[in-house]
Every structure is written in C-alpha cells, then in structure tokens.
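Subject: Structure for you to look at

Hello,

Please find the structure below, with my notes after it. Have it open while you read.

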Amino acid sequence: MALIELNEVSKLFGFGDATTLALDEANLSVEKGEFVAIMGPSGCGKTTLMNIIGLLDSPTHGEYLLAGKPAAGLKSNQQAKLRRDQIGFVFQFYNLIPTMNVLENTALPLAYRGMTPVRRMKRASDILERVGIREREYYMPKHLSGGQIQRAAIARALINSPSILIADEPTGNLDSHDTKVVMELLADIHRQGNTILMVTHNPELTRYASRVIYMKDGTIVEEEETDIGDIAQGALLTYLRRRKTTPIDVVAGVSALMKDVPDKALKSTPKKRKVKTRRKRLVRTRARKVKR
Amino acid sequence: MWTGHIKAAIASLRTSRWRSSLTMLGIVIGVSSVVTIVSLGEGLKQQVIGQIGRLGPDVITIRPGKLVSGPDGSSFNLLALLNTSTLSDDDVAALSKLGSLPTVLPVNFVTSTATSTEAELNNISVIGTGPQMPQMLGLSTNLGDFFDAKAANEKVAVIGPDVAGKLYGVLNPIGHSVSVAGQDFIVRGVLNPSSTGLLVAAQTDFNSAVLIPYQPSKEIVGGKTNLLQILIQAGPNASPDQAIKEAHEVLLKTHQGAEDFTILKQHQLLKLINGVINSATAFIGSIAAISLLVGGVGIMNIMLASVSERTREIGIRKAVGATNRQILMQFFSEGLVLSLIGGALGIGLALVINLLLRLYTSLEPVVNVPVIILAAGISVLVGIIFSTAPALKAARKHPIDALRA
C-alpha cells in the first residue's frame, strides 16, 4: 500500500472568469521511504501539490489517500492532528516564529500534543543536537544564518517523528555551503527510513532523490527513478539546454532554467540513463557543439 | 492545559509590552473607578450606620416630605429628599406643647458665610438647633461648652474644629466673635473632631459647621426656616410608638391633613439611608462601569489587530499541528490575561486611591472582600466577552491562507 496516493486530484483557485487551474487531475503514488524530488517551472503547481499532500490545502476534485485512508475530506481538526503526528514541513522561508527562540520553535509541535514543557524542551534539545545547532538553541531566529535557521526548521519538522517530510524549496534561500549541509541532513533523514517530498529548482539536488517528478501546467508530465548520487536525466538535460534568463523572462516571472519541459527529451532517451560524472557530461556537450 | 495557555499568553504579551500595557490601561481605569466608587459608597454607609448608632435608641426623626410609603414603610421615595422642607416653625411649636415629648430638637439648615477678624469662609453649614443636640447626637466639645437652654435666644455659636482652625488659626476662639450672614455671634465652644453629620443630602460634616441656637438661625434669613429634620424623644413614661402616634396627629393638624412629612424610628432611618446610598452608589458605579466597557472594546480592538498582524504565526502553528481549538484558546487566554492583570492593577490602584482619600479627605472609603471579588469578576467577564471575537477570527483562519499572509 502506497503511503501517499493521489487520484486525479485537481485544484482550482478563484471563480468565474478568474478561475485558475493549479492542479489538473494529478496522479501520484509515493511509497514509504522514498525521496521524491519535484521539479518544474514556477507556477506549475508544485507547491499546491505539496500543500494538498501536507493537508494545508484541500483538493477541489479527486481523491487523496494517506496511508490508505481518505485524508482530503477530513474535518479541519482531524487534518491538524494528521499534520501534527504524520507530516513535517520545511519551507523555503523557514517559517520559524520570530518571537520564540530556536528551542521553543523546535518544541512547538510537541506543545500541541500536550507534552509537558520540561519533556518537550529536552526532546527539542536532543533533536537540535542531531541537526548540529544545539549550541544555538537559545538564540532567536534573527541571530542565526539561513542554514542554521533551516536546520532549526528541519528539527521542528522532525520532532514528532513524522512519516512524511515535505520540503518546499528548502535550499531556495541558502548559499551553496548551507545547501549542502541541509541536503546532507535530509539525506541522513532519508537513510533512516523517512519519506521525503522535496520541491526544488536545482537539478544538482536530484542526486539525493530516489525519484524525480516533473510538472508542467498543473500536471505531472514525467517521472524518473534515479540512483542516489546521480543527477536525474531530465533535470540534467533541462539544465544543459537552459536559456539565459532574459529581461523579458524576469518581467514574466518565469524561470528560464525550467522553461524546457523534459518530457520530450526523456522520451527520446532511455529512462534510466545514468550519467557518471558531471565532467563527462560537459565534455560530451562541448564535443557536440564543436561538431555543429 | 490552562496553565500552559496562560504561560504562553504571558510570554506572548511580554513580547509587545507597550501595546499590552496600553491595552490594559482601559481595564485598570475602569476597575479602579468602580472599586473606588463602590468602596466610597460602602464607607459612607458605614459612617451613616455609625452615626445612627450614636443616636439614642429612643430618638425619633421627623423628616420633611413623604419619604416612605407602603404598610411597613418599605417603599422609599428618594425624590422627596430633593424637595424644599415642608416642616415649619409651627410644627416645632406644636410638638413642644406635647406632654409626652420632653425633647423636641429642630435642625434648621442654612448655608452662609462665616467671618472672623482673620479670615472668611464661604458656604459654611450653619445649623440652628437646640441645647439638647450634644446629648441626642453624641457630640462633645473640645473647648468651652455647648449653649444651654438659657442661651436659646442669644447670639452664641459652637463651631466645628475645621472652622476654628480656618477662622482663628492657633488662637483660642472662645469669646471671639464670628459673623454669620452679617450678624455677630460669640463663640462659646469648639466641637471635638467627629465623623458625625446630619444624614442628609447636604454638607453634613460637623467639623466644618457653625451651630447656633434655633431662634437666631431664623433671624439671619429673615425669619424663614429650612428644617432638615426635627428630632424628638419620648418621655420616660411614654413608649416610642405612642410618641410617634401623637406627633403624627399633631403634625397632620398643623399641615391641614396633608401627610407631607415622615416620622422614622432608628431602624427605619437606617433602612432609608441604606437605600439612598445603595441607589446612589449603584448609579455612579454603573457610570464608572461604562469605562470598563470602553476598556473591553479596547482589548478587542488590539486583539483583532494582533490577530491580523500574527496571521503568519497562526499559519505556522496550524502547519505544525495546532487545532482550531488550540489557536482559539491561545488568543482567548491572551485577552483573559490582559483583562485579569488589568483588573488586578485596577484593584491595586483603587486601594492606593482609597488610602489617599482617607489620608487627605474626610471620606472613609471601605474596600471589602465582596468589592474585590466583584472587580475581579467584572474584569474576567470583560476578558471573556471581548476576547471571544478575535480568538474566533484567529481560529477560523485557513492554514494555507494564513501562511501566505
């Protein structure tokens, strides 16, 4: 039985002439222990999909089964309890409460389980040790670097030992060093058997995923299974064929990086073609260019 | 569970101390006004009860106007207190002729100016009365004596200690003259300081009054009288009820059958005064309670602003598993804590005000446990009523909408 199963899930925003189709009959099945990376251009519905899976939003149509049980139609309080016990969130903009210190932020989900303050602070401290920022536990979020805040956010997401970790562009605001630290942390969590769904624009990060899902215009257009440590084929091709961002793209708010949808490219190539190293790939691309 | 909510609420309120303090201010002012007014009323009541207690047990009071009605005198007509006096000199004369009433003490009240060679006092209570007054009201003199029956037509005066201080300073006023409404009176005595008054809705403090014999008091206002009350006492051979009956008959005659007077025994008087003070306290207290209402609206206003400002926080809390009820309780607790702390500070402020009133005025407010419980109850009620709407607004926010804010 799949841990997450979406059957023809659609999400509409607005009404009348202003209706926007954010998700268009999306189908997805995620098994326990998978690390799924979701890629696609801005506005393709990645975050909406994550919000629906994370029970922050509900689908307009379709069925969502969480651990085999319908989850979309539940009452708000039941959904809140599922979020508390089974789902952990890591957001691009961290979403720590600025008036609480790192320890209090990390312990927050436990407060809603009715745990005593002493026990929850102890547990939060332990989990901060695991993510490597225990020495900063009494700092306010504003006194930490982006990477440290994101590690605190990951600690908060993990504190209830959730079965699913949803990370919506967790490295979107981080530099390369912090990105690596956070991704290694997520990889470590994945190795311990957690299911992770991560939205990213960075093809490099697909190395950590066991499956990559490509989205466009609210639909899942392609899926690719990858070996951990390898960049996903579709992500790589997209990366290599990327156009330079023009001022028009910037004005339109479109990510040039993900403008080329990988479906065609993937169809013309074997599904699990492995690229050994980045260096090899670059050499091959340059050779092609020279031929032309 | 509540402890956790309260602790979280205090922590949250501490992050915005200025705002929380200003929000509380409305409740602080409201609670302190209500407590001060109610304790002033309570103090006044106790003073009055004390005064009545000092009256001799067989002292009967005749008051102008029909103050009570009903078979047992249970219904009070408070407006009658505001009317001009219906008692006259004729009533005093007629009552004095009754054999069963050895003591008839008129209390004629005039507001006038008192002047000595040193100073002048405006709006002084001048009370024209008889020599039996000290005995009937439990008054005593510090210097000199009270005027006696022989001095009934003489221009002599007994002055309150405050008047003595203001008019003569450190001098002994005995033998000096005091000019009341242009007529000179020789000071014969100075009263001991006391909290006793005349139990009427006028300035009744004997400390700042000039007491003169009844006859001269009529003369200073051209022979007119303003009798606030006539105190009578039954003789040793007559029962109070018999005395009341006879006095009633006599007064009906002098008033040509019109019952525009009230004869009260001590307990009736007590009941009447209690009624008057309770009504006045309730009336002024309810006006003060309006400020509590305004304070409550202030709490609601600030809480609504806080909910809007903290929408993202609500979203985060919901994302990590807070239920609607838990969010509701969080904001509800914040409002409740604000009003409870405001209530406590209000009670504290009221105690300080009461202390200052006792120290620097002749008022003696009494703060008792029921008043404090009432104030605490009111502040809890205000907290509950005015926190509900903001808390509901916070709880009903959709998590994803709140996170996007």
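I start with helix α7 of chain B, in which B:Ala243, B:Ala247 and B:Leu251 are buried. Buried means that 20 or more other C-beta atoms lie within 10 Å of the residue's own, exposed means 12 or fewer, and partly exposed is in between, with C-beta atoms placed from the backbone. Seen down the axis of α7(B), the buried residues fall within an arc of 60 degrees, so they line one face of the helix; the arc is that of the directions from the helix axis to the C-beta atoms.

Before going on, some conventions. This is a predicted model: local features need pLDDT of at least 70, side-chain atom pairs count only at pLDDT 80 or more, and totals for chains, interfaces and linings use all residues. Residues are numbered from 1 along each chain as its sequence is written, while chains are lettered from A and ligands numbered from 1 in the order in which they are written. Helices (H or I, at least four residues) and strands (E, at least two) are DSSP runs, numbered from the N terminus.

More on α7(B)

The face turned away from the buried side of α7(B) carries the exposed residues B:Asp241, B:Glu249 and B:Lys253. Contact here means that the C-beta atoms of two residues, placed from the backbone, lie within 7 Å. The helix has 15 residues (240-254) and should span 21 Å at 1.5 Å a residue, which agrees with the 21 Å between its end C-alpha atoms. The expected span is 1.5 Å times one less than the number of residues. Just after α7(B), B:Gln256 takes a positive phi of about 50 degrees.

α8(B) and α10(B)

Helix α8 (residues 266-309) of chain B packs with α10(B) at an angle of about 145 degrees, and their axes are 11 Å apart. Axes are lines fitted to C-alpha atoms, for helices over the stretch in contact, and angles run from 0 to 180 degrees between N-to-C directions. From α8(B), the contact uses B:Gly295, B:Ile299, B:Met303 and B:Val307; the residues from α10(B) include B:Phe331, B:Leu338 and B:Gly342. By class, the residues of this contact are five nonpolar, four polar and one charged. Ala, Val, Leu, Ile, Met, Phe, Trp, Tyr, Cys and Pro count as nonpolar, Asp, Glu, Lys and Arg as charged, and the others, Gly among them, as polar.

Helix α10 of chain B also holds B:Val337, which is buried, with 22 other C-beta atoms within 10 Å. Leaving aside neighbours within four places in sequence, B:Val337 is in contact with B:Ile6, B:Ala9, B:Ile10 and B:Leu13. B:Val337 and B:His5 are 332 residues apart in sequence but 9.9 Å apart in space, C-alpha to C-alpha.

Where the chains meet

In chain B, 14 residues are in contact with 17 residues of chain A. On the chain B side, α9 (311-319), α10 (324-360) and α12 (399-404) each supply at least two residues, and α9(B) gives the most, with four. That side of chain B has seven nonpolar, five polar and two charged residues.

Chain totals

Chain A has 10 helices and 10 strands, and 46% of its 292 residues are buried. Chain B has 12 helices and 12 strands, and 43% of its 405 residues are buried.

Regards
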